[in-house]
Amino acid sequence: MTQRKQIIAGNWKMNGTLSETANLINGLKQKIKSDTLRRNVILCPPFTSLILARELTKGTPFKLGAQNVHFEGKGAFTGEVSAEMLKETGCEYVIIGHSERRAYFHEDDALINKKVKKALGTELQVIMCVGETLEQREKGITNDVVRTQTDGSLHNVSEKELEKIIIAYEPVWAIGTGKTATPDQANEVHEYIRSLISDSYSPAAAERLIIQYGGSVKADNAGELLSMSHIDGALVGGSSLKADDFAGIVLA
Ligand code: PEP
């Protein structure tokens, strides 16, 4: 039997002014109490809210994550933010390779791999996203896509480093669309990802790996998804923006 503790992460995307950040975190503090919490919770607000979020989450079970990072430590990279800067704001996690970064900012597996290596070298834990488009699913190449993304993004990542990585399986067709993968569809891909890790690392590494599902997770479908044997948590977009909705998922 696995001992993986489930992790729910909220990806706020480009949402959250300072006052919205304060309202949301204060609402979550009312609804989610550490003494009854069975899952770990990570909040990923925009960069500009991280310092406020750090102050507001002191003494709570909530950890902080960022939504992106650059692969260099500093320099002439206008508009970018380094892993060192994120550490300073109290971040422990960073989301890398989200499908929106892949699609709108043309991030490929080689770039994602550089970011992953940099984050790990700066002692940030990584939520690394993979997932197929609808067209790829319909062509029957979901596993091939997920394998290429996983292998490419984890290039030269050691088994020790892998302990600091969460993989988020996020079928692109389910993100922000209201269409959720069925629990069986998601579990099948999660099991496949675990088998990839078992083959390229070890069965023990695969057993330890946290694999989150992401794609229109809501309070009313979270329970069923999170009861699947290979689903170890959720990466939540839209439903992480309202305290009631996100708390409903965390406590599902
Ligand atoms: C996401 O952006 O990671 C995501 C899963 O979004 P949503 O929950 O809105 O589908």
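This is a predicted model: local features need pLDDT of at least 70, side-chain atom pairs count only at pLDDT 80 or more; totals for chains, interfaces and linings use all residues.
The secondary structure of the chain amounts to 12 helices and 8 strands. The chain has a radius of gyration of 17 Å, which is close to the 18 Å that the globule rule gives for 252 residues, so the chain is as compact as a globular protein of that length. Taken along the principal axes, the box filled by the C-alpha atoms has dimensions of roughly 45 × 45 × 35 Å.

Strands of a sheet pair through backbone hydrogen bonds, either parallel or antiparallel. In the present model, 8 strands form a closed barrel in the order 1-2-3-4-5-6-7-8, and their pairing is parallel. Neighbouring strands of this sheet are turned against each other by 25° on average, with direction ignored. Alanine 66 has valine 94 of strand 4 standing opposite. Helix 5, made up of residues 109–121, packs on the sheet, where this helix touches strand 4 as well as strand 5 (125–130) and strand 6 (165–169). The direction of helix 5 makes about 175° with that of strand 4.

Turning to the open spaces, the largest pocket has a volume of about 480 Å³. Its lining consists of 19 residues, among which Lys13, Met14, Gln67, Asn68 and Arg101 lie nearest the centre of the pocket. Helix 4, spanning residues 99–104, gives the most to this lining, with 3 residues. When the lining of the largest pocket is divided by class, 9 residues are nonpolar, 6 are polar and 4 are charged.

The second largest pocket has a volume of about 210 Å³. The residues that line the second largest pocket include Ile7, Tyr93 and Gln125, together with the run Leu162, Glu163, Lys164, Ile165 and Ile166, and also Ala205, Arg208, Leu209 and Ile210. At least two residues of this lining are supplied by strand 6, and at least two by helix 10 (203–208). By class, the lining of the second largest pocket holds 8 nonpolar residues, 1 polar residue and 3 charged residues.

The lining of the largest cavity divides into 3 nonpolar, 2 polar and 2 charged residues.

Terms used:
Residues are numbered from 1 along each chain as its sequence is written. Side-chain values use heavy atoms; hydrogens and water are left out. Two strands pair if DSSP finds at least two bridges between them. Helices (H or I, at least four residues) and strands (E, at least two) are DSSP runs, numbered from the N terminus. Axes are lines fitted to C-alpha atoms, for helices over the stretch in contact, and angles run from 0 to 180 degrees between N-to-C directions. Contact means heavy atoms within 4.5 Å. On a 1 Å grid over the protein atoms alone, a cavity is a set of points where a 1.4 Å probe fits but cannot get out, and a pocket is an open set with protein on both sides within 12 Å along at least five of seven lines; lining residues have an atom within 4 Å of a point. Grid points are joined across faces, edges and corners, and a volume is the space filled by probe spheres set on the points. Ala, Val, Leu, Ile, Met, Phe, Trp, Tyr, Cys and Pro count as nonpolar, Asp, Glu, Lys and Arg as charged, and the others, Gly among them, as polar. The radius of gyration is taken over C-alpha atoms; the globule rule is 2.2 Å times the number of residues to the power 0.38.
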